[in-house]
Structure formats: structure tokens, C-alpha cells
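Hi everyone, thanks for making time for this.

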Amino acid sequence: MSHFGKNIRKIRNVKKLSQQAFAELFELKRGTLGAYEEERSEPRIETIIKIANHFSITIDDLLTQELTVNKLLKFKDDLALQGSFHKEKFAEIPCITPKTEADYILYHDKPHFIEDLPKLHLPVDPDKEYRAYLISNLEMTNNDKAYCPKDVVIGEKVDPNDFTKIDTSSLVIALVHGKVLFRKFYYSSSKIILRANNTNIEDIEIESGEIKEMWHVCYTFFRRLPENNTVEIEQKLNFLEQEFMKLREKF
């Protein structure tokens, strides 16, 4: 049985390479690399040789042995720490960013893609499943409550059977209609309504079955500018003005 798929995934993790970066390194398509890792496709011998040579691994080990992290770091397997210590581990929360959002819509149900997303490390319950979302628009901005670009919201996963149990006007991250949306949640007459704070954005009214994922927002991280930095404040105001102009043009 070939260990090639598991080994290249482990190499990527140790070397901190995304699927895209690893694929480009060896002139492969990302989808091709994903097929190798999931053992849906066999690599060409030229590809095996390139990867083995690049990482100084024998072809035999790459194909027939399950590589250890120590081997990849060129440590001895029997190397042990003297003494012991308590290592605290924070929850790793995958974050959807403007650069990854389009791919997230396509590959949100692929574990290997989720592994490659940027991660936030926070002292929250590691047994729960979370998703972070980096805001890039003004759809949830109004006069009394502002969620601005660069703010981050973090949601806990909601089971599809529990959508209607969410409190009204709760904040959610939802994957629906080929978009990732940050909205307020309302439930009315068997319909789900997703509403923006910005009154120029129309409500989205849908059936619960149309939602591919929903995350109930439980943490928010606001990015705020220093009060005494006039230049940065002016830049921020100019940015907001440009965004409002774009919204006016749409409607």
C-alpha cells in the first residue's frame, strides 16, 4: 500500500505549505495534489522523483514508509525531552478571508481545504467547531452599530435541525446562494430571513434547506484606529466614503 498521499500531506504540514503553494512548487494543479492526498489518483514517476529530491527523502521511504515528523525534521526517532512540562493548547479556528472566500464556497466540505485555511488560536472550548470570518464590506454597518472591514467575527456551528432555535436578531455567518454572508437572523412563518444592518441591502428570505452552513456568532474582534492618529482616521473615512459610493451605484 502506498503512503504517498499521507506523506505529502504530512510534509506540507511540517513545512507549513498550503496545497496551492505545494502544488506550484512542483508545477501541479491544486486539484491534482488534492487527488494525490486523498488517494484518488496516482502520481507520475517524474513528480515522485522531484518531491523526493527536493525534500531529501528516498523514493522508497516516500512511497512505502509512513514518515514521522521527527524524520522530516531530521531528528532521531528516539530523541526524548528530559523532564516534562504542561503544554496548553488553544482551539484552532479556521478563518474565511477575502482571498479564500471564493474557494471556501466551492470546497467548504473538503477537510483538507479547511486544514489549509488561516487559523486563529483562541482560549475557547476546543471540543466545539468554530468558523471565523474576516469582514471586508460595509453591509453590517449603520449609525449605531458598526462592523467594519478588518473586524473579525467567530461563530459556533449550528446543526441544520436547530436553525429555528436561534434567537431572533442573532448574528450569524451563513453559506447560502453561493455566498458567505454575515447577517442578523430572523425566523418567520417557516421562512428564514437574513438581514443586513445597512438599510440599502435587501433582506434574503430562504428555506432552511437552502442553507449549506450556519455559524452562530459568539465572539467579535473589532479593529479600531488610535484616536490621535489623524492621517489614519482620514484614510479610514475616505475608504468608507468610497464603499458607500459603490453601494449607491448598485442600488
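Let me start with one term. When I say polar contact, I mean a pair of N or O atoms within 3.5 Å, where, inside a protein, one atom must be able to donate a hydrogen and the other to accept it. Keep that in mind for Asp151, whose side chain reaches the backbone nitrogen of Cys148 at 2.8 Å. The Asp151 side chain also reaches the backbone nitrogen of Arg223, at 2.7 Å. Where does Asp151 lie? Asp151 is in the loop between S3 and strand S4, which covers 152–157. And is Asp151 buried or exposed? Asp151 counts as buried, because its relative accessible area is 0% and the cut-off for buried is under 20%.

Lys150 is in that loop between S3 and S4 too. The phi of Lys150 is near 85°, which is a positive value in a residue other than glycine.

Now a step back to the whole chain. This is a predicted model, so let's talk about confidence. The mean pLDDT of the protein chain is 84, and 84% of its residues reach 70 or more. Where is confidence highest, and where is it lowest? Strand S3, residues 130–134, has the highest, at 97, while helix H9, residues 230–250, has the lowest, at a mean of 65. Please also look at residues 75–85, where pLDDT stays under 50. For that stretch the model has five contacts beyond four places in sequence.

As for the overall make-up, the secondary structure comes to nine helices and nine strands. The protein chain has 251 residues, and buried residues make up 38% of them. If you take contacts between residues at least 6 apart in sequence, 61% join residues at least 24 apart.

Let's visit strand S3, where we find Tyr130. Tyr130 counts as buried because its relative accessibility is 5%. Which residues does Tyr130 touch beyond its neighbours within four places in sequence? Among them are Ile93, Pro94, Val124, Ile154, Trp215 and Tyr219. Gly155 is another of these contacts. Tyr130 and Gly155 are 25 residues apart in sequence, and their C-alpha atoms are 5.5 Å apart in space.

Next, Arg183, in strand S6, which spans residues 179–188. This is a charged residue, so is Arg183 buried or exposed? Arg183 counts as buried, because its relative accessibility is 3%. The Arg183 side chain makes a polar contact with the side chain of Glu139, at 2.8 Å. Leaving aside neighbours within four places in sequence, Arg183 is also in contact with residues including Met140, Ser170, Val172, Leu194 and Ile201.

Over to the helices, and to H3, residues 30–37. How many of the eight residues of H3 are buried? Six are, so H3 is mostly covered. The buried ones are Arg30, Leu33, Gly34, Ala35, Tyr36 and Glu37. These buried residues pack against H1, helix H2 (19–25), helix H4 (45–54), helix H7 (101–107) and H8.

There are two positive phi values around H3 to point out. Just after H3, Glu39 has a positive phi of about 60°. In the loop between H2 and H3 sits Glu27, with a phi near 55°. Glu27 counts as exposed because its relative accessibility is 69%.

Lys89 counts as exposed because its relative accessible area is 70%. Lys89 and Pro126 are 37 residues apart along the chain, and their C-alpha atoms are separated by 8.6 Å.

My last stop is the second largest pocket, with a volume of about 230 Å³. Which residues line this pocket? They are Arg12, Asn13, Val14, Lys16, Leu17, Ser18, Glu115 and Asp116. By type, the lining divides into two nonpolar, two polar and four charged residues. Helix H1 (4–15) and helix H8 (111–116) each supply at least two lining residues, and H1 gives the most, with three.

Note on methods. Residues are numbered from 1 along each chain as its sequence is written. This is a predicted model: local features need pLDDT of at least 70, side-chain atom pairs count only at pLDDT 80 or more; totals for chains, interfaces and linings use all residues. Side-chain values use heavy atoms; hydrogens and water are left out. On a 1 Å grid over the protein atoms alone, a cavity is a set of points where a 1.4 Å probe fits but cannot get out, and a pocket is an open set with protein on both sides within 12 Å along at least five of seven lines; lining residues have an atom within 4 Å of a point. Grid points are joined across faces, edges and corners, and a volume is the space filled by probe spheres set on the points. Helices (H or I, at least four residues) and strands (E, at least two) are DSSP runs, numbered from the N terminus. Ala, Val, Leu, Ile, Met, Phe, Trp, Tyr, Cys and Pro count as nonpolar, Asp, Glu, Lys and Arg as charged, and the others, Gly among them, as polar. Buried means under 20% relative accessible area, exposed over 50%, partly exposed in between (1.4 Å probe, protein chains only). Contact means heavy atoms within 4.5 Å. pLDDT is the predictor's confidence in each residue, from 0 to 100.
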